[in-house]
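Take a walk through this structure, one stop at a time. Keep the model open as you read.

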Protein chains: 2
Amino acid sequence: MITAQAVLYQQHGEPQEVLFTHSFKIDDENLKPDAVVVKTLASPVNPSDINQIQGVYPSKPPKTLDFGTEEPAAPCGNEGLFEVLKVGENVKDFQPGDWVIPSNVNFGTWRTHALGTVSNFIKLPNPAQTQQQNDPAKKGLTVSQAATISVNPPTAYLMLTHYVKLRSGKDWFVQNGGTSAVGKYASQIGKLLGINSISVVRDRDDLDETREKLKQLGATIVISEKENLSREVSADIKSRVKETQGEVKLALNCVGSKSSQGIAKKLNHNGLMLTYGGMSMQPVSIPTSLFIFKNIICAGFWVTELLKNNPELKKKTLAQIVEWYETGKLSDAPTNKIQFNEDAKEELHSLYLRGINDKNGKQLITYNIGVNE
Amino acid sequence: MITAQAVLYQQHGEPQEVLFTHSFKIDDENLKPDAVVVKTLASPVNPSDINQIQGVYPSKPPKTLDFGTEEPAAPCGNEGLFEVLKVGENVKDFQPGDWVIPSNVNFGTWRTHALGTVSNFIKLPNPAQTQQQNDPAKKGLTVSQAATISVNPPTAYLMLTHYVKLRSGKDWFVQNGGTSAVGKYASQIGKLLGINSISVVRDRDDLDETREKLKQLGATIVISEKENLSREVSADIKSRVKETQGEVKLALNCVGSKSSQGIAKKLNHNGLMLTYGGMSMQPVSIPTSLFIFKNIICAGFWVTELLKNNPELKKKTLAQIVEWYETGKLSDAPTNKIQFNEDAKEELHSLYLRGINDKNGKQLITYNIGVNE
């Protein structure tokens, strides 16, 4: 019998008001044939996790009595890495020690253990398995890489590959939020695919340093938001693009407002702008003439929705990202790690609250717990 | 030999600065085999005509020496109705007395006569030809209808039919600029196609009267811009839409700014917003969440570009509009007529300047000139 803990909420609201830690039992002695018991290795705090708790996110986990609460409650967290502890007699795809991630959102990853079935999980290679391949070019995934592989890297990869045919060595994409996690993945993946990129970053004192860092990651051109709105800079970029005999076919917008105007103006005729975030908290803004005379199209990107009914695409995408990680071609976004210690007095949910309140970078709660304790 | 006049410009600028009237000869005694000589019956002033003269419109007529000017000059006007005077020996499609309109933009319609070839013109039925059909349900086109048939009615018709499948008796479109010429055509054509519509109009004192007029034309619901941004009104509309078991699949935007936000919010999931104008002179504005969570798509509509390489679509579209006009099912936008009188002292270009300066409704310059005078 495993004593597990999970972070739950019964009503929507601010996390510090509604989250609580709940203990529940997993009977791992009497497993159903297709059952899979896992323990958590790490799970991050994503902005959408917080919005789910607040009740302002369109995709929500159903409230359930499955955790043994008196009132229906919903689990938190959508991304995370588990290790398989034990499987039912019919389970062939997984064995103890395997690394798995949830196959869908809303599974609940802010918890110590979970009992699921085969269809709840997707397998990733764990470091021992990678080592067994005896490929000197490959090293194993890190816990951070595996625990944060479901949202940001696929967002960047799919926006660059799923909509517009960008010709390697010629075509360009432009993005704002160049220093965001997705922005950095997009610059790197663009480079890996041979695609030129223009990254727009917030005006800042250390602009030159930021420019250098992003170029080292793979960005072709890095400009500030002020430069994003400058005609001279746009003319410069136009001539750089012309030199490559390519076109700016895609814009990735996670800011909105004037920033979205600036990147939309850099698109060539018939270009596509995908909006996947709204960091300015202002609406997306596009000059009328771009629609009428340049035939620009604007659409949205939501990785959850795209992959929900497309498990094959998810599998292919994850396999590509795993390969890039294993061969050291892709760097993951750094995470701030908060270690869960079962023996300490701090309850599980308050670790996640610490993660929610720390706005510096991506917060990852890591677990180092035994089995059956 | 015909002595003709045309309104031309040699440099771009404000119309009162750059337009001039130029006389030229058309030798109608020695026609080439495929030549077509026409006289003008009427041509309107469209906003895009003015933008072309100013040099701020992406589609422009080339400057040419064809009119016999010393310096290259470009003709004005894109829409207009001509009557065929004489044709070359190989011309089978047209005969004297036929009504024709330019088959493409940039032909130049602010002039008394033109010499072209068969490919320059599309034939419309003149009133005598309609009468010969002996169909009591049909009356002939008016000069106003025929002279203004190329831009606004096709814009409304094609936006409603060329992109999204709107199910008759169920689906809806929403538009701002409900009292504009295109807006009124869209309400009427929507009704003719069995499509429900929501028309947004500027806040005004005579709102109830405007509401009534537009409903009589065919609009299902008419709301003010203030109501466009009200949650209560949106909820009301949602329940009206639900009653029809349809969806709001299409939004037509000619305003931008907050008005575009309001109509975009009325779209159902996967809805399309087409932008065809920007009367607020502000960018199109769309809430981020509509892109990400409702999968709204935004694109532009430019009738010139759509029909440029699609003569069959143009023909079919015009045939439908002609039929609705002839059977009295569609009302044209009223025009203010300014009559050209060759014997009067006022030069041709100053009539068009009067039209440009009169901002009340659509201005139509009409001609009543003899042949060979």
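**Salt bridges, a helix and an interface**

A:Asp98 counts as buried, at 1% relative accessibility. Buried means under 20% relative accessible area, exposed over 50%, and partly exposed in between (1.4 Å probe, protein chains only). This is a predicted model, in which local features need pLDDT of at least 70, side-chain atom pairs count only at pLDDT 80 or more, and totals for chains, interfaces and linings use all residues. Residues are numbered from 1 along each chain as its sequence is written, chains are lettered from A and ligands numbered from 1 in the order in which they are written, and side-chain values use heavy atoms, with hydrogens and water left out.

A:Asp98 has a partner. A:Lys123 forms a salt bridge with A:Asp98, with the closest N and O atoms 3.5 Å apart. A salt bridge is a side-chain nitrogen of Lys or Arg within 4 Å of a carboxyl oxygen of Asp or Glu. A:Lys123 lies in strand 8 and A:Asp98 in the loop between strand 5 and strand 6 of chain A, so the pair ties together parts that are 25 residues apart in sequence. Helices (H or I, at least four residues) and strands (E, at least two) are DSSP runs, numbered from the N terminus. A:Lys123 is partly exposed, at 38%.

Next, look at A:Asp171 and A:Lys249. Their side chains meet in a salt bridge of 2.9 Å, N to O. A:Asp171 sits in the loop between helix 5 and strand 9 of chain A, and A:Lys249 in strand 12, 78 residues apart. Both A:Asp171 and A:Lys249 are buried. A:Arg167 joins A:Asp171 and A:Lys249 in a network of salt bridges.

Now turn to chain B. B:Asp171 forms a salt bridge with B:Arg167, at 2.8 Å between the closest N and O atoms. B:Asp171 is buried, at 0%, whereas B:Arg167 is partly exposed, at 31%. Helix 5 of chain B spans residues 152-161; nine of its 10 residues are buried, so the helix is largely enclosed by the rest of the structure. Among the buried ones are B:Tyr157 and B:Met159.

Last comes the interface. The area buried between chain A and chain B is about 1,900 Å². Buried area is the accessible area (1.4 Å probe) that two parts lose on being put together, summed over both. A:Phe291, A:Ile292 and A:Phe293 supply 30% of the area that chain A buries against chain B. Zero salt bridges are found across this interface.
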